[in-house]
Amino acid sequence: MKTVEEKTATIDRRKFLKITGVSTIIGLLGGWKFVELLAPGELEATYLPKAEALTAKRWAMLIDMKKLTEETAEKCIKACHHVHNVPDVGDPKREIKWIWLERFENAFPGDEHEHMPEGMEGKRFFVMCNHCDNPPCVRVCPTKATWQREDGIVMMDQHRCIGCRYCMAACPFGARSFNWGDYRSLIKNRNSEYPTREKGVVEKCNFCAERLAEGLMPACVEESGGAMVFGDIMDSQSELRKIMREHYTIRRKPYLGTSPQVYYVV
Amino acid sequence: MFERALAGDKKYWGLVIVLLAVVGAGFMAYLVQLRLGLQVTGMSRDVSWGFYIAQFTYLVGVAASAVMLVLPYYLHDYKIFGRITILGEFLAVAAVSMCVLFIFVDLGKPMRVFNVILHPTPNSVLFWDMVVLSGYFLLNIVIGWTVLEAEKNMAPPPTWVKPLIYLSIPWAPCIHIVTAFLYAGLPGRGFWLTAIMAPRFLVSAFAAGPALLILLAMILKKFTKFDAGTKPIQTLAKIVTYCIIINVLFVAFEVFTVFYSQIPDHMRHFEYLFVGIAGYGKLVPWMWVSMIGMIVASILLVIPAVRRNHVTLAVACIMVVFTTWIDKGLGLITGGFVPNPFDRITEYWPTALELVISAGVWAAGFLILTILYKIAVSIKEEID
């Protein structure tokens, strides 16, 4: 009787090729099935908006600086940062902010001059993501983790973001914040309706997309006492357009061609 | 061929162990960063890229510079470079490896790095940078290895490698052009928003890379039996000379446009880097060392006697490597972020942990380089 070693030793070249050939074919077939499994199919979920959802062709924000007081502004910031679980980091170098105040000469650098009306220098303007029509952050993102909706809102997928921070370099408005550490413990009074963020991802204002879906106006607008108006800029009958017809509005750094969609009445 | 990397003298193993130790230290530091997040670095909301991305940018240039050997040898049949082409190709492999590692350690979510492939986004320059860098890595390791193996067997290289070599020639400048486009296409970053960015990247790379190669060839001559020969070194020295002079000129062109036009968005960054703004000026001494050093190196290298003497040539090459490193590896990235979009100053300086991680990546690259050079040199010694 032959031992196992002898048996294996008797496999000749022909037999060997046969075995490897057949197993390769089987392997390839299996491999092909694998490819089929991964091919894009009809499995993608569709999202149907609720009947009460607020919709627009193109959302835009108007901030009436004549009406906005520092007191109201603080209330708006607080409301926004609460509903979106924005942590209070404390360190200005590493903080997260979605909406905040900047002096005129910082928000509109180059637009200031020596002979401005009284109170203009140092006047604190609301700044946030401009939800640009031509957003450079979306252009540079290597994973489509930041993208633009049909209604103009520039969104952020914190589950896809790899934290490369290219969008932060691309944004000319300093609107984006990065989670330099795990900031979740720094959230005061957590809102369980909205997700928190892990360390290592970028975030910013989302024009309250989650509230619009529920038929609610953005949190800041609700608290602004009429100083902020949010609406459809493509709808000539909208409140937003009415104010824009009556007042001259300015935008931050329009010369860069990003077409920011936050307008200011000065 | 790889077995040649496993047999070496005490000096070789000593170097390998030292490099491994630095890699280990860097890795430990990286574990801390992985746990605590990028807050362990000096980066901030305003200066959101720092030392890692700067090293990446500099090393892409080093990698691209291999073409300065490959092009004359294969396109102009410049036989003198035949002996050292492999050194350029393997330097490129090591440099690209460091580039990839520097990008990796800079990510906030490194475990998601494959999202770049899973969700390919052709409108992102970073996507294209990944494509050209990985392609360049493969080209150089395949070409270098195959040609070296053929040399070992005293046979001509296989014919299929020729098209790859020709492909690698235009591919090399592409990696640095695409890297320049990462910065040069961003609105609102006046320091980077300049068409001369890509040409400047190329010439500073073609100065720094060959200068580093000259130094490496000198080290090899000192510690191994491999002598690159005087002629290729002298030709490389001329390449370094022309490129560093053109780089100084390009800086001057940039300075003219920025300061004659007087556009604040462009001037402010230069002011920050070279004189400081409102008392903030951590980079000022570095930038002056870089600029003056580049000019002095240019003058030195123009003098034939300085180039011919290997000691003075080495000094000039060290100056070129160091000054171009300050320019790209320190000033370029931070300078673009300061002042920030609100015209405010937030300064940046790397933390100790950031530097240890960076040292780990550099050591990993030099370990790859040491192993590849060991293989190449053993084979060259064998043939001689």
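Author: What follows is a set of questions and answers about a predicted model.

Reader: Why is B:Tyr74 called partly exposed?

Author: A residue counts as buried if 20 or more other C-beta atoms lie within 10 Å of its own, and as exposed if 12 or fewer do. B:Tyr74 has 19 C-beta neighbours inside 10 Å, and therefore it counts as partly exposed. This residue has its place in helix H3 of chain B, which covers residues 67-75.

Reader: How far apart are B:Tyr74 and B:Lys162 in sequence and in space?

Author: In sequence they are 88 residues apart, whereas in space the C-alpha to C-alpha distance is 9.0 Å. For chain B as a whole, among the contacts with a separation of 6 or more, 79% are between residues 24 or more positions apart.

Reader: How do you know that the radius of gyration of chain B agrees with that of a compact globule?

Author: For 384 residues, a compact globule would have a radius of gyration near 21 Å, and because chain B has 21 Å, the value agrees. Along the principal axes, the C-alpha atoms of chain B fill a box of roughly 65 × 50 × 40 Å, and 48% of the 384 residues count as buried.

Reader: How many helices and how many strands are there in chain B?

Author: Chain B has 14 helices and zero strands, so that the order of elements, read from the N terminus on, is α-α-α-α-α-α-α-α-α-α-α-α-α-α.

Reader: What makes up the contact between chain A and chain B?

Author: Chain B brings 33 residues to the contact and chain A brings 40 residues. On the side of chain B that touches chain A, helix H5 (115-118) and helix H6 (125-152) each supply at least two residues, and H6(B) gives the most, with three residues. By kind, the residues of that side of chain B divide into 14 nonpolar, 13 polar and six charged.

Reader: Which domains does chain A have, and where do they lie?

Author: The domain assignment gives domain 1 (4-38) and domain 2 (59-265) of chain A, and the C-alpha centres of these two domains lie 60 Å apart.

Reader: What is the average pLDDT of chain A, and which stretch is below 50?

Author: Chain A averages a pLDDT of 90, and 88% of its residues score at least 70. Over residues 1-7 of chain A, however, the pLDDT is below 50, and beyond near neighbours in sequence this stretch has one contact in the model. Where pLDDT is low, the predicted coordinates should not be read in detail.

Key: Residues numbered from 1 in each chain as written. Chains lettered and ligands numbered in written order. Predicted model: local features only at pLDDT ≥ 70, side-chain atom pairs only at ≥ 80, totals over all residues. Helix = DSSP H or I, 4+ residues; strand = E, 2+ residues; numbered from the N terminus. Rg over C-alpha atoms; globule rule 2.2 N^0.38 Å. Contact = placed C-beta atoms within 7 Å. Nonpolar A, V, L, I, M, F, W, Y, C, P; charged D, E, K, R; others polar. Domains from an automatic or database assignment. pLDDT = per-residue confidence, 0-100.
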